[in-house]
Amino acid sequence: MKLLAIDTTGQTASVAVLEDDTLLAEYTINYHMTHSQTIMPMIEQICNMIKLNKNEIDYIACSCGPGSFTGLRIGAATAKGLALGLDISVVAVPTLDALAYNIFDTSAVICPIMDARRQQVYTAFYQWNEGEFCRITEYDALPIQSVIEKAKDYQKKVVFLGDGVVVHKELLLPQKNFVLSPIHSNLQRAASVGALAMKQIAKGDVIKSSELELIYLRKPQAEREREENMKK
């Protein structure tokens, strides 16, 4: 079984191809280019490098948010278009789940934080329990200070990762029991999206391309600004 996984929910654009329990290829860019410019050329290049005909792909896995509104829509449109053209199913993988899955089988609490601007982050808390990967809170958009207080309540080591770490490093570093993930595991990876997607496929948790829904958590910035202006 071959699976193409994509993640465009943050600044990072990432594509991976998995076959059963093997990662065949992964292509990740964390650079100042729009995903509309990069994601399709990345897919073409990765398929060419491993001599993969798109008709051999059995499933498309898409990171479904939360994240950048533009990035979310580009990823969803790409996944839907490919799945429709190939007549295959889609696997929707929450971005925070995939990000937290970069940290494997630890006794620490895992806290992915994605920069949501205005001193807020998209976040949730996770733990490994006897080899099982578990989300222990709801997905949320919170002020970074609220996340710090929630993390302190666990009174144990908490691993932070995600692009919010770079933005809020000065607030996180002084905290006792807080650990910041190194750069190789700190950002979204399509391989993690694909690995979780494989687990969902085994459970039959797949959808038609038309059924793909995104996790937003907040209204778009333009809509929020319009509402604020209307209150003035």
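How many aromatic pairs does the structure hold? Eight. Rings of Phe, Tyr and Trp (its six-membered ring) pair if their centres lie within 6.5 Å; planes under 30 degrees apart count as stacked, over 60 as edge-to-face and the rest as tilted.

A word on the model. It is predicted, with local features needing pLDDT of at least 70 and side-chain atom pairs pLDDT 80 or more, while totals for chains, interfaces and linings use all residues. Residues are numbered from 1 along each chain as its sequence is written, and side-chain values use heavy atoms, leaving out hydrogens and water.

Take Tyr101 and Trp128. Their ring centres are 5.8 Å apart and their planes at 25°, so this pair is stacked. Tyr101 sits in the loop between α3 and β6, Trp128 in strand β8, 27 residues apart. (Helices, H or I of at least four residues, and strands, E of at least two, are DSSP runs numbered from the N terminus.) Both Tyr101 and Trp128 are buried: under 20% relative accessible area, where exposed is over 50% and partly exposed in between (1.4 Å probe, protein chains only). Tyr101 and Trp128 also belong to one aromatic cluster with Phe104, Tyr126 and Phe133.

Next, Phe160 and Phe178. This pair is tilted, 4.8 Å centre to centre with 50° between the planes. Phe160 is in strand β11, Phe178 in strand β12. Phe160 has a relative accessible area of 0%. Phe178 counts as buried at 12%.

Now helix α4, residues 144-153. Its buried residues are Ile144, Val147, Ile148 and Ala151. They pack against several elements, including β11 and β12, by contact (heavy atoms within 4.5 Å).
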